[in-house]
Amino acid sequence: MVPLSWYLALSAVLFTIGVVGVVIQRNVIVLFMCVELMLNAVNLTLVAFSRFLGDLNGQLFVFIVMAVAAAEAAVGLAIIISLFRNRETLNVDEADLLKL
Amino acid sequence: MEIIHLLFLGLAALAVVAAFNVILQRNPIYSAIGLIVVLCCLAALFLTLHAQFIAAIQIIVYAGAIMVLFVFVIMLLNVREEESRGDRQKYLKWIAGPLFIALLAEIAAVLRLVDTPAPAIANPNQIADPSTSLGTVESIAHGMFTDYVLPFEATSVLILMAIVGAMYLARRGSQAEMDRIEKALGGQGEAEPSTADDHVAV
């Protein structure tokens with residue numbers, strides 16, 4: 001039986017790597033991928049606790065989180081496409097003015 | 001050290017290596033492949049946690065739809081390898097490493113206290129009411145349509161909003177809007193990436 005702390009440690013490490021990626025990345029698509037990485041780390045925490053408490057609510061939560069992540073990915077990528085159309089660059093450092 | 005521990009360590013190591021790959025690769029398509037590897041490792045870990053339905057949904061929805069969307073967008077926008085970054089703050093790299101080690105030490109210190117004996121999970125084929133078992137499709141459906149029907153319906157409305165929003169945001173603008181954008185960019189180049197049609201032509 002793998003202890004709960006192992007799953008939580010892996011989830012924390014993945015979440016931290018996602019945060020580091022969001023901070024250091026300059027490509028907006030890879031930045032968005034790091035956000036998805038963070039969401040997956042949280043999913044692992046929820047499922048681990050659901051198993052170790054014998055409670056199904058964690059897995060239901062994960063179901064909803066996945067649906068929300070899918071919707072967010074669709075809209076976020078549409079925003080990225082329109083950002084690229086307006087500025088011809090995917091570098092977030094260059095998108096520093098609200099004005100075009 | 002049983003087989004399940006070795007399996008967990010193998011999957012965890014692969015997931016962490018792939019996650020580092022996501023943030024450190026220069027070519028975004030390699031980052032996407034790294035993220036797909038992470039998703040598959042997490043799906044395998046969900047299987048060890050009696051979450052069969054969530055594992056299948058992870059592969060189908062996350063790796064099979066969301067990552068395909070990412071790969072399509074990378075292809076559409078013709079994203080190249082990143083040119084060498086001008087590091088204006090090189091010294092930060094030397095702070096980041098020790099801070100990461102410190103964070104890992106803090107996580108280890110906290111998580112030492114968490115372990116409790118895990119409850120035994122009943123085989124869903126052997127209990128009287130299968131809708132209370134953990135992780136099966138029947139139990140998730142039972143919970144979703146009785147206790148959690150409101151979040152379920154709200155999620156479907158959310159998905160509808162996402163569809164409409166994505167279609168509106170990614171539409172081709174009218175000619176007047178294209179002209180305005182081109183004028184705003186000062187004629188540095190066409191606002192509409194002209195290579196998009198080249199990719200579609202066979």
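Helices here are DSSP runs of H or I at least four residues long, strands are E runs of at least two, and both are numbered from the N terminus. With that in hand, A:E88 sits in the segment after α3 of chain A. What you're looking at is a predicted model, where local features need pLDDT of at least 70, side-chain atom pairs count only at pLDDT 80 or more, and totals for chains, interfaces and linings use all residues. Residues are numbered from 1 along each chain as its sequence is written, while chains are lettered from A and ligands numbered from 1 in the order in which they are written.

**Chain B overall**
- Chain B has 8 helices and 0 strands, so from the N terminus its elements simply read α-α-α-α-α-α-α-α.
- Of its 202 residues, 21% count as buried, meaning that 20 or more other C-beta atoms lie within 10 Å of the residue's own; 12 or fewer makes a residue exposed, anything in between is partly exposed, and the C-beta atoms are placed from the backbone.
- Take the contacts in chain B between residues at least 6 apart in sequence: 43% of them join residues at least 24 apart. A contact here is a pair of residues whose C-beta atoms, placed from the backbone, lie within 7 Å.

**Where the chains meet**
- Chain B puts 67 residues into the contact, and chain A puts in 60.
- On the chain B side, the elements giving two or more residues are α1 (3-24), α2 (28-48), α3 (52-76), α4, α5 (137-146), α6 (149-169) and α7 (175-184).
- For the classes, Ala, Val, Leu, Ile, Met, Phe, Trp, Tyr, Cys and Pro are nonpolar, Asp, Glu, Lys and Arg are charged, and the others, Gly among them, are polar.

- Helix α2 (residues 28-53) of chain A packs with α3(B) at an angle of about 175°, their axes 12 Å apart. The axes are lines fitted to C-alpha atoms, for helices over the stretch in contact, and angles run from 0 to 180 degrees between N-to-C directions.
- From α2(A), A:I29, A:M33, A:E36 and A:V47 meet B:I54, B:I66, B:F70, B:V73 and B:I74 of α3(B).
- By class, this contact has 8 nonpolar, no polar and 1 charged residues.

**The largest nonpolar core**
- This core has 68 residues, and A:I29, A:M33 and A:L37 touch the most other members. A nonpolar core is a set of buried Ala, Val, Leu, Ile, Met, Phe, Trp, Tyr and Cys residues joined through C-beta atoms within 7 Å.
- Elements giving it two or more residues are α1 (4-24), α2 and α3 of chain A, along with α1, α2, α3 and α6 of chain B.
- The largest share, 15 residues, comes from α2(A).

**Residues to click on**
- A:E88 has a positive phi, near 60°, although it isn't glycine; it is partly exposed because it has 15 C-beta neighbours inside 10 Å.
- B:H50, in the loop between α2 and α3 of chain B, is another non-glycine residue with a positive phi near 60°.
- B:H50 has 19 other C-beta atoms within 10 Å, so it counts as partly exposed.

Technical notes
Contact = placed C-beta atoms within 7 Å.
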